[in-house]
Amino acid sequence: RSTLSSSSAASDVYKRQAYDYGDMRYRFPMEAGKTLVGYLAVLTAVALLDLARREQQRELLATRLERELFEARLTALKMQLNPHFLFNTLNMIASQVREEPARAEAMIAHLADFLRLTLQHSQAQQVPLATELEFLDAYLAIMQARFEERLLVERQIAPDAGDALVPQLLLQPLVENAITHAMGDHRRPARLRIGAETRGGRLRLLVEDNGPGIAADGRPLVGRGVGLTNTTERLRHLYGEDQALTLVTPDGGGLRLEISLPLRRAPQV
């Protein structure tokens, strides 16, 4: 009797704990609906995450392509200067080979120095101003070997401007233009002034010559030569509207080209 009583009590407990599923004809559709809602919620979350990932990948790809196009345009602009400079320099050397072989030899040596410096920094779009002045010194050495006392160059470079970043080969085409204009009057030497200073978070560069100045027809010189046209395009690509290139007629005549750039310094090594 005791055993039967215990078994009956256990059965009562089981009945109280058993889960009542109810009528399965209604229970199954209800549970299926809940499961479907949960599945759709998870599927939607996964789809949204995948969409966000794809959108991020598209943005990264677009940014990379834009950057590559930007660098390709800058490289094309920079490379445009090399043949222009080389043709002019080789023509000058060729004109001296027979009459002044020693002078032609010196010009070739300086040209080699210039090309060596250019190749050392061929991958850089911007270099410290001190490095840019090395390029310019190698170029001016060629010009002074050619023109000797007819070319006088004055430099006014602020000591704190040496590590300021500038586009590579920025000054050479501008100085080349200045020499060409200043050499127009054979009765007097060509005088150039090259300057650089920092002020108020800006780098200010200038190239001044004693040539004829603004064209007689009043049209600006920008856009009328490879050097100036190339320079304005490179500055626009690198700095957008945060740059300025202006042409000024000094009181004493000639032409002064001024460039204003945001001051960015080369990292310390």
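## Helix packing

Helix axes are lines fitted to C-alpha atoms over the stretch in contact, with angles running from 0 to 180 degrees between N-to-C directions. The model is predicted, so local features need pLDDT of at least 70 and side-chain atom pairs count only at pLDDT 80 or more, while totals for chains, interfaces and linings use all residues. Residues are numbered from 1 along each chain as its sequence is written, and side-chain values use heavy atoms, with hydrogens and water left out.

The axes of helix α4 (residues 129-147) and helix α5 (residues 171-182), helices being DSSP runs of H or I with at least four residues, come within 9 Å and cross at roughly 30 degrees. That makes α4 roughly parallel to α5, a term for angles under 35 degrees.

In the contact (heavy atoms within 4.5 Å), α4 contributes residues including Leu133, Leu136 and Phe147, and α5 contributes residues including Leu171, Val175 and Ile179. The residues of this contact divide into 10 nonpolar, one polar and two charged.

## Hairpin

Strands β6 (residues 244-248) and β7 (residues 255-262), strands being DSSP runs of E with at least two residues, pair in the antiparallel sense over five bridges, where pairing requires at least two bridges. Ala244 stands opposite Ser260 in β7. Six residues separate β6 and β7 in the hairpin, and Gly253 in the turn has a positive phi of about 95 degrees.

## Salt bridges

The structure holds 14 salt bridges, each a side-chain nitrogen of Lys or Arg within 4 Å of a carboxyl oxygen of Asp or Glu. One of them joins Arg202 and Asp242, whose closest N and O atoms are 2.6 Å apart. Arg202 lies in strand β5 (residues 202-209) and Asp242 in the loop between α6 (226-239) and β6, so the pair ties together parts that are 40 residues apart in sequence.

Methods. Angles under 35 degrees count as roughly parallel, over 145 as roughly antiparallel, 65 to 115 as roughly perpendicular and the rest as oblique. Ala, Val, Leu, Ile, Met, Phe, Trp, Tyr, Cys and Pro count as nonpolar, Asp, Glu, Lys and Arg as charged, and the others, Gly among them, as polar.
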